[in-house]
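This report describes selected side-chain features of one structure.

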Amino acid sequence: MQKKLSDTFLVLTVLFTVCLITSNLLASKVFTIGGGINLPCAVLIFPVSYILNDCLTEVYGYRKARLVIWLAFAMQLFTVLAGLLACALPAAEFWTENSGHFDFVFRSAPRVAFASLLAFLAGSTLNSLVLSKMKLASGGRGFSWRAILSSVAGELCDSLIFIPVAFFGTPLKTLAGMMLVQVTFKVLYEIVVLPFTNIAVKRLKALENEDAFDRGISYNPFKIKDIE
């Protein structure tokens with residue numbers, strides 16, 4: 001039997017992937033708020049990927065969300081490798097002034113790139129899994145609470161992987177502070193836009209005539225082809 005994916009699902013997949021790639025490119029700049037709180041610009045975009053993840057899981061189910069996560073992971077890996085290849089190519093004579101800036105954006109340390117990819121894969125998968133299981137336990141009620149709690153779990157997992165690996169050697173107190181600030185900011189971000197997420201989920205369910213309940217499925221994160 002042929003597996004069909006709707007146009008709306010494909011659009012959400014593209015948006016999810018673009019958010020991930022964009023956030024990683026923006027991560028090279030750090031901004032300051034609140035008189036001394038430093039955050040990478042990635043925090044402006046990355047939470048959107050969790051919002052989209054919530055929409056995908058709530059409407060289409062864990063299995064299709066898992067497929068999107070792996071697709072986004074593969075595209076981000078492709079972007080990292082393509083950037084490293086571009087940096088390795090000899091620059092033209094007239095490009096020497098710009099080469100340093102280009103390399104700064106695309107030639108992140110391999111450890112940082114690896115940490116980012118691994119953290120995204122683990123955090124997004126956990127976010128989707130928690131939302132799916134809570135939906136079953138609640139009978140589909142309380143999407144707002146499920147979205148917030150699943151995001152807390154996913155963002156904590158993401159930060160617990162990314163920050164210690166990317167900033168290995170930094171004092172534990174500093175690492176803990178960085179994790180707390182990032183998780184808090186991202187979760188608050190998602191709470192602020194939660195009314196819009198609720199509207200989007202309701203309209204998606206009506207448009208797609210779908211409201212998935214993941215009964216009897218495998219939550220194995222590696223069963224990518226299982227999207228029925």
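Predicted model: local features only at pLDDT ≥ 70, side-chain atom pairs only at ≥ 80, totals over all residues.

Phe104 belongs to helix α4, which comprises residues 96-106.

Together with Leu25 and Val105, Phe104 makes a nonpolar surface patch. The area of this patch is about 260 Å².

Side chains of opposite charge can pair when their charged atoms come close. The count of salt bridges in the model comes to seven. One of them joins Lys135 to Asp211, with 2.5 Å between the closest N and O atoms.

Lys135 is buried, because its relative accessible area is 3% and the buried class lies under 20%. Asp211, with a relative accessible area of 37%, is partly exposed.

Asp211 also forms a salt bridge with Lys205, where the closest N and O atoms are 3.3 Å apart. Lys205 is partly exposed, its relative accessible area being 22%. Lys135, Lys205 and Asp211 are members of a network of salt bridges, in which Glu58 and Arg146 are also linked.

## The Glu155–Lys186 pair

A further salt bridge is formed by Glu155 and Lys186, whose closest N and O atoms are separated by 3.8 Å. This pair links distant parts of the chain, with Glu155 in helix α6 (residues 143-166) and Lys186 in helix α7 (residues 172-192), 31 residues apart. Both Glu155 and Lys186 are buried.

## Surroundings of Asn198

Asn198 is found in helix α8, which covers residues 194-208. With which side chain does the side chain of Asn198 make a polar contact? The partner is the side chain of Ser144, at a distance of 3.0 Å.

When residues up to four places away in sequence are not counted, Asn198 touches Phe143 and Ser144.

Definitions and conventions:
Residues numbered from 1 in each chain as written. Heavy atoms only, no water. Helix = DSSP H or I, 4+ residues; strand = E, 2+ residues; numbered from the N terminus. Polar contact = N/O pair within 3.5 Å; in protein donor to acceptor, adjacent residues only side chain to side chain. Contact = heavy atoms within 4.5 Å. Patch = residues over 30% accessible without salt bridge, like charges linked within 9 Å, V, L, I, M, F, W, Y side chains within 5 Å. Areas by Shrake-Rupley, 256 points an atom, 1.4 Å probe, with all protein chains shown as cover. Salt bridge = Lys/Arg side-chain N within 4 Å of Asp/Glu carboxyl O. Buried < 20%, exposed > 50% of the residue type's maximum accessible area, 1.4 Å probe, protein only.
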